[in-house]
Amino acid sequence: MKFAVERISKGGGRLGKLSNLRSQPDVIHATPMTLVATVGGSAPHLTQDVFNLVAKKDAPLCVSAQHYCKHVEILQAYKKGVASFAALKGHSVCVTVQDAAQVTPSGYNDKQGISTWTHGGRQVLTPQTYMNVVEVMQPDWYEVLCDADTPPDASKKRLSKSAAMSKSYLTQCLKLHKDSNCLQGAGVLIPLLGGHSNAERVRWSKWVADNAQDGIEAAGYSLLGLHTNGPKVEKIDAKAVCELVETSLGSLSQSLPRQASGAWNPLTVVRLVMAGVDIFDSTFPYLVTERCGALTFLHWLTRDPSIDNLQHQNKRLRGDSEKNQNQDEEETWNEKEKESKSEELESTEGKENQCDEEVNVKSSYEICLKDKRYAEVQEPLVSGCECYTCQNFTIAYIHHLTMVKELLAPVLLSIHNLHHWFGFFSSIRTAVGSDQLADLQRLLQTSAA
Amino acid sequence: MAGTASTAASTFLHSSSSPALKFRVVAQCSVSRARASVMTLPHHTVHLPTFMPVGTQGTMKGLLPQQVKEAGAEIILGNTYHLGTRPGKESMKAFGGLHQLMGWDRALLTDSGGFQMVSLSALSKVTEEGVKFQSPYDGTEILLTPEESIAIQNAIGADIMMQLDDVVDVMEKDYDRFKIATHRTTRWLDRCIEANKNPQRQNLFPIVQGGLHPDLRATSLDQLIARDAPGYAIGGLSGGEAKDQFWRVILQCTGRLPPSKPRYCMGVGFAVDLVVCCALGADMYDCVFPTRTARFGCALIHGGQLNLKNREFAVDFRPIDDTCSCSTCTHYTRAYIHTIVTKYPVACHLLSVHNVAYQMRLMDNIRSSIIEDNFPTFVQDFMAGYYKDRDYPTWLTDALAAVNIHLKKANIHNQEGVPTSAVSNREGNINQETQKSDKGTDQRSDNEEREVIKTKIGAEALEDDELDENDIIKGHFWDHNSRILKLKQVGYKDAILDDYPDQEKAGQAAGWRAALVSSHSKTNLVLTLSQLTGALMALKVKQSLTQDQDKEVRELLKEVEQKVKMASQSDSPYLLTFMKQEIGEAFEKEIEEINTSHTEVNMESGLISSTVSDGAFSPVSTNTAATTMTIQNQSLESEANSISVLQNRVQTLYQSCGLDTTQLLTTVFHSSH
């Protein structure tokens, strides 16, 4: 695994090239980039043929050990690694410990190892068992096992425990890596830890830097301990996280790629890029799909955002503002009439309000397909979008599928959301290349406002 | 032989005057009634005989239209009832029809919706005007007339529409009811023809009715043929009738229906049935079976199906079927599907693709063998491969003999047709046995419909119960389908698949429990408890009980409930995890419901384990269950004893109602001893 920084932008962020992956010796991936988050080895909801309608044949995947720690024997017998096993041969693979889409329950790690949750319940990963999983998965690069159970409110004691255990895991994993034939050529991501404490992060990074001379061959860094996965990640305060990231990266080599997994929202992604992160994953669009949402946020700086696009966006925004107005009205109405509530009115208003809340979009980057207002909209999710879904189906149809809970709804949404996400990263690279990342940030801020 | 076929091929048969359908027989089997033909519809030219996968709600169960095409489907089926409810007729019009909405550019057929009305709603009533029923969505009373059915179907815009027919349960005993239905169906056909606003682009198929009565079938045929429709459907079958009766009706109908028009045999989809019906001269078939069984984790292969949940597939790196060229078999191994089956939707998509492709390939093989005029040989080889012991059921040999195809019995050693199937003996046997013993009910549940399983409640259902109790004793609970069918026979009602996801989930969870418990122990208490509930509920719904009896039923129900609760407090991890979470709450709700609605139990609300589960994903995986389930035999045994006391009380209660329950009791109680 090779990484080269091509350009450090004046506007923040850097362009890089990831190459020499062992499964893809001839492929060069431009960074900042996104990995495709997987469940059970597949892109969620997508069989390989459908996945290839949206992703390039060599798009790198992110597969968590969480999904495969129960299948070590199967992969061992299979011998050809997890990408091939999941019928995604040709795609490179990064192995992480936990699935970033699923909340990792806090408080289950001990000296033995790290707890992860499979369909069969809790599993403890020791350095040895984890490395066994990694070996049979045959990744191009992988995260070293660490104790990243350091939520924002973690105590000092927890932080120092996390550090102590992680050091021990790290040493053991690296030793196992050296001794393993299967893992030669696989890149090692060193975790950058320290929770939400700047001091801890400085201390950890210093330790990592010091020990680098002792023969730790890092292929890159993985920013961990910032969250414990799941949908909450998108709500994390971007500014605080970026500070922590900058603290972690401060004393470390500039020439290695930095990965930050998790369901970061688009604005946070842009800020993390500014802070120097190179590799992300598609957990955010996956979670949007799971809540019946479609990504519609604007991210085109250079390409003329077509008039259609704006129209569509306006429509949504108008809808939103109408709703807001309603809410405002309701509030004033409530104040005035609080005492003499007519039951009739209350019940109808209450119902509508409830409905609204139910279908309320979860983030400002998406529309919710459960919303009744899309029942008759015979337009694609995003006008001008070139994804398979938008080329072939209308919002009304996806709304129908969502309402009747058909399995095709998340399939179509996955295609669109992944496409949109890939497009977003392409926009990021363009923006970094032309020193316009701040403009992209502003665009996201205004359209998300 | 080949010469005869080519002569037939040159015969150009003119179809009806319908501007929306051209039909041409390409080849006629020189021995049987089988024929290969081409049907040109406004959206696509369909090669017959064909199978029509069912896309109930405007989609093929998670597959893109492109995938459905790649699997080989040329015509798919949509459900008028579902589409008329959501998104609704007006929306459908606004969208410019279903083709446009779902991005399907090949042919489409819609049913009339009448069947769903009757089967989904226990409270439906058929009058001359139409079918009156309570909407399972909101309980309002709805009237579906022939005119309304056609109006919805016109809005959907299918190439072929079906008339609204008066559907009578094939097991109905009253001859007069069939007589009324037969004549009414014709009267309704006339109203449908009148109501069709788009005859230029949409064909209307009548449905031959008449139950199992040859005279009524003859009348129906006479009347419908006189209407010169573009094609005909044979209806009112696949409802649990004996196979021997089934094929005779098909034979009678294909003998009378004009050879120049397509014949659609409704609700047929098992491989053997497809081959037989083709031999009898039918051209089109539909069934939810391939996609439904996919959701249970099963893949169709020649000779049965593979249940990919089974551990034996964990390190089986072959494709499902190495002779299959579908995208699933080209890219995926059994082992991979095994790791994700019933956990992630992708597994379901993969199996649906394969199963649809399997059906289409079967039809292709039938078709090309007819064209090459070696269809009889094909049938012989196929059956020899399917029934590996060549122990053919009598109905099968009879049906085929009726069209001059003779199956060679076991003593002839022609192994040609036997595929070197990858199925292990054990698996193969289970599937075959299940298929045989459940034939009647399988038909009812899987064929007839369109996402519905017909309701049969209580003691009545037990009278014609064909259940092989040995099957239960042998503990073949791994087969999800058959287990549910068994539950059904002991007084359970059904839910509308996919319409009640929660109940489906509960049902599926119950399925898992039953499957896992029985695999670990001879005793299956969960099953017994749920069966007891079913028997009691059945009694409550079906019988007018005396006060004392009613009291006893309530008491028993309460005690069963307590059992569940008690079990949930024991320290057995199995009981704790499953009973408490899954059964306990659902059960309380259920009891509450019964107590509030005394006479009219809402038939669609779903009993806990009574619900037929077809949801894609079980909340509980094999792995979870296997690890959690270290059952303590001892505590189970004492539980079993106390439950058998309850069983005896139910037995007494049944006797006091004057019900002959011998079969019920052996069925229910065998499973726990």
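This is a predicted model: local features need pLDDT of at least 70, side-chain atom pairs count only at pLDDT 80 or more; totals for chains, interfaces and linings use all residues.
We start with a site named in a record. The UniProt annotation "binding site", from an unreviewed entry, covers Cys385(A), Cys387(A), Cys390(A) and His416(A). These residues are spread over 32 residues of sequence, yet they cluster in space, with a largest C-alpha distance of 8.5 Å. Two of the cysteines can be followed one at a time.

Cys387(A) sits in a loop of chain A, between strand 15 (366–368) and helix 13 (388–392). Is Cys387(A) buried or exposed? Its relative accessible area is 2%, so Cys387(A) is buried. Apart from neighbours within four places in sequence, the residues in contact with Cys387(A) are Ile415(A), His416(A) and His419(A).

Cys390(A) lies in helix 13 of chain A. With a relative accessible area of 8%, Cys390(A) is buried. Once neighbours within four places in sequence are left aside, Cys390(A) is in contact with Pro380(A), Leu381(A), Val382(A), Cys385(A) and His416(A).

The next topic is charge. Side chains of opposite charge can pair when their charged atoms come close. Over all chains, the structure holds 35 salt bridges. A few examples show where such pairs sit.

In chain A, the side chains of Arg203(A) and Glu200(A) form a salt bridge, with N and O 2.7 Å apart. Why are these two residues about one helical turn apart? Both lie in helix 7 (residues 198–212) of chain A, and they are about one turn apart because 3 residues separate them there. Arg203(A) is exposed, at 52% relative accessible area, whereas Glu200(A) is buried, at 10%.

Helix 7 of chain A also holds Asp210(A) and Lys206(A), which are 4 residues apart, about one turn of the helix. Asp210(A) and Lys206(A) form a salt bridge whose closest N and O atoms are 3.3 Å apart. The relative accessibility of Asp210(A) is 38%, so this residue counts as partly exposed.

Chain B gives another kind of example. The side chains of Glu147(B) and Arg191(B) meet in a salt bridge at 2.9 Å, N to O. This pair links distant parts of the chain: Glu147(B) belongs to helix 6 (residues 146–156) of chain B and Arg191(B) to helix 7 (residues 175–195) of chain B, 44 residues apart. Glu147(B) counts as partly exposed at 33% relative accessibility, and Arg191(B) is partly exposed at 24%. Salt bridges that share partners also join Glu128(B), Asp166(B), Arg177(B), Arg184(B) and Arg187(B) into one network.

Back in chain A, Asn265(A) is found in the loop between strand 12 (258–259) and helix 9 (266–274). Asn265(A) counts as buried, because its relative accessibility is 12%. What does the side chain of Asn265(A) reach at 3.0 Å? The answer is the backbone nitrogen of Leu267(A). A polar atom of the Asn265(A) side chain also lies 2.7 Å from the backbone oxygen of Glu234(A). Not counting residues up to four places away in sequence, Asn265(A) touches Glu234(A), Phe284(A) and Tyr365(A).

The size of an interface is often given as the accessible area lost when the parts come together. Here about 3,600 Å² is buried between chain A and chain B, and carbon and sulfur atoms give 63% of that area. On the side of chain A, His119(A), Glu406(A) and Leu407(A) lose the most area to chain B, together 17% of what that side buries. The contact takes 43 residues from chain A and 45 residues from chain B.

Between the two chains the count is 1 salt bridge. The side chains of Lys61(B) and Glu406(A) meet in a salt bridge at 3.0 Å, N to O. Across the interface there are also 14 residue pairs in polar contact. Several helices of chain A each supply at least two residues of the side that touches chain B, among them helix 1 (48–54) and helix 15 (408–433). The largest share, 5 residues, comes from helix 14 of chain A. By type, the residues on this side of chain A divide into 25 nonpolar, 13 polar and 5 charged.

How values were computed: Residues are numbered from 1 along each chain as its sequence is written. Chains are lettered from A and ligands numbered from 1 in the order in which they are written. Side-chain values use heavy atoms; hydrogens and water are left out. UniProt positions are given in the numbering used here, feature names are shortened, and annotations may be inferred rather than shown by experiment. Buried means under 20% relative accessible area, exposed over 50%, partly exposed in between (1.4 Å probe, protein chains only). Contact means heavy atoms within 4.5 Å. A salt bridge is a side-chain nitrogen of Lys or Arg within 4 Å of a carboxyl oxygen of Asp or Glu. A polar contact is a pair of N or O atoms within 3.5 Å; within protein, one must be able to donate a hydrogen and the other to accept it, and residues adjacent in sequence count only if both atoms are side-chain atoms. Buried area is the accessible area (1.4 Å probe) that two parts lose on being put together, summed over both. Ala, Val, Leu, Ile, Met, Phe, Trp, Tyr, Cys and Pro count as nonpolar, Asp, Glu, Lys and Arg as charged, and the others, Gly among them, as polar.
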